[in-house]
Amino acid sequence: MLTIEITDTEKSRGVMSPDHLSQAVRALREEGFVVLQNVIETAHLDILREKMLEDIQALIRRPDAPFNWNSGNLQQDPPPFFPYLFRDVLLNEMAICVTHALLGPGVKNAFYSGNTALPGRSRQPVHADTGHLWRDLQTAHPACSLVVNVPVVDMYPENGSTEIWPGTHLDTTIAYGQDIKVPAEILERRRAVSPPIQPTVQRGSILIRDIRLWHAGMPNLTDTPRPMIAMIHHAGWLETGSPLTFP
């Protein structure tokens, strides 16, 4: 896993150094993910953490509680209103440097939600958030959508850091419109070549991954929910529906 320590100079200028940008782009093209460290003010994350943890009980009491596959994985939006919107979360310049480099002019964010791992032993099936744009490809097409994950707290295996399967964004098994779960026999073949990892990612960091990368929400073996914000940056030419709106 490549973790790039972003400097204060890069943050103050709002531009990533050519060397760091080259490393990030290469990691995303080859491994399917990269971590940018030291890019979000932890004080902003403390405010978000307090509010998101407060909102959990109201969410899970709803008859239409937004669980992802099981009651251990909660689809939870961060509050999209003042005073919980922060530029370094929603419009992070270092993340945009990377996503713009891969997706080109007109890159847009069309998703602002999140995944909270609740205490327990539930795990998701291994899946891709969406597959390749075309079926029966022999070679993977370039990235057209990138997920930008913001851990609101330190994320590590014990509290349910997301299981990631390096390099699987280049596997063309799953195409758009098909079942996003990875078939068991294909999963085991991949495990023999390159097993999954559960990364440790410090708060204040961002994990960017190709939307086609295989992954799974994992059990949270602590007593505290683990919230994580998720955004999706898309190529400008990709149809994504209505723009995000905020009060």
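How many cavities of 30 Å³ or more does a search of the whole structure find? The search finds 2. The legends below describe a predicted model, in which local features need pLDDT of at least 70 and side-chain atom pairs count only at pLDDT 80 or more, whereas totals for chains, interfaces and linings use all residues. Residues are numbered from 1 along each chain as its sequence is written, and side-chain values use heavy atoms, with hydrogens and water left out.

Figure 1. Helix 3 covers residues 42–61; helices (H or I, at least four residues) and strands (E, at least two) are DSSP runs numbered from the N terminus. Its 20 residues reach 30 Å from the first C-alpha to the last, close to the expected 28 Å, the expected span being 1.5 Å times one less than the number of residues. A kink of about 30 degrees is centred on Asp55, the bend being the angle between axes fitted to the seven residues ending at a residue and the seven starting there. Leu45, Leu48, Lys51, Met52, Ile56 and Leu59 of helix 3 are buried (under 20% relative accessible area, 1.4 Å probe, protein chains only; exposed is over 50%, partly exposed in between). The buried residues of helix 3 pack against elements including helix 4 (87–90) and strand 5 (108–117), with contact meaning heavy atoms within 4.5 Å.

Figure 2. Asn92 occupies the loop between helix 4 and helix 5 (93–103) and is buried, with a relative accessible area of 5%. Its side chain reaches the backbone oxygen of Asp88 at 2.8 Å, and a side-chain oxygen of Asn92 comes to within 3.0 Å of the backbone nitrogen of Met94. Such a polar contact is a pair of N or O atoms within 3.5 Å; within protein, one must be able to donate a hydrogen and the other to accept it, and residues adjacent in sequence count only if both atoms are side-chain atoms. Beyond its neighbours within four places in sequence, Asn92 is in contact with Val39, Ile40, Arg87 and Ile206. After helix 5 comes Gly104, with a positive phi near 90 degrees.

**Figure 3. Val34 in strand 2.** Val34 belongs to strand 2 (residues 33–37) and is buried at 0% relative accessibility. Residues up to four places away in sequence aside, Val34 touches Leu2, Ile4, Ala24, Ala27, Leu28, Ile206, Leu207 and Ile208. Val34 and Val98 lie 64 residues apart in sequence and 9.8 Å apart in space, C-alpha to C-alpha. Val98 is among the buried residues of helix 5, whose cover includes strand 2.

**Figure 4. His141 between strand 5 and strand 6.** His141 is located in the loop between these strands and counts as buried at 11% relative accessibility. A polar atom of the His141 side chain lies 3.0 Å from the backbone nitrogen of Leu133.

Figure 5. On a 1 Å grid over the protein atoms alone, a cavity is a set of points where a 1.4 Å probe fits but cannot get out, and a pocket is an open set with protein on both sides within 12 Å along at least five of seven lines; lining residues have an atom within 4 Å of a point. Grid points are joined across faces, edges and corners, and a volume is the space filled by probe spheres set on the points. The largest pocket has a volume of about 690 Å³. Of its 39 lining residues, Phe111, Asp129, Thr130, Ile211 and Ile232 are the closest to its centre. The largest cavity, of about 40 Å³, is lined by residues including Asn149, Met155 and Leu207.
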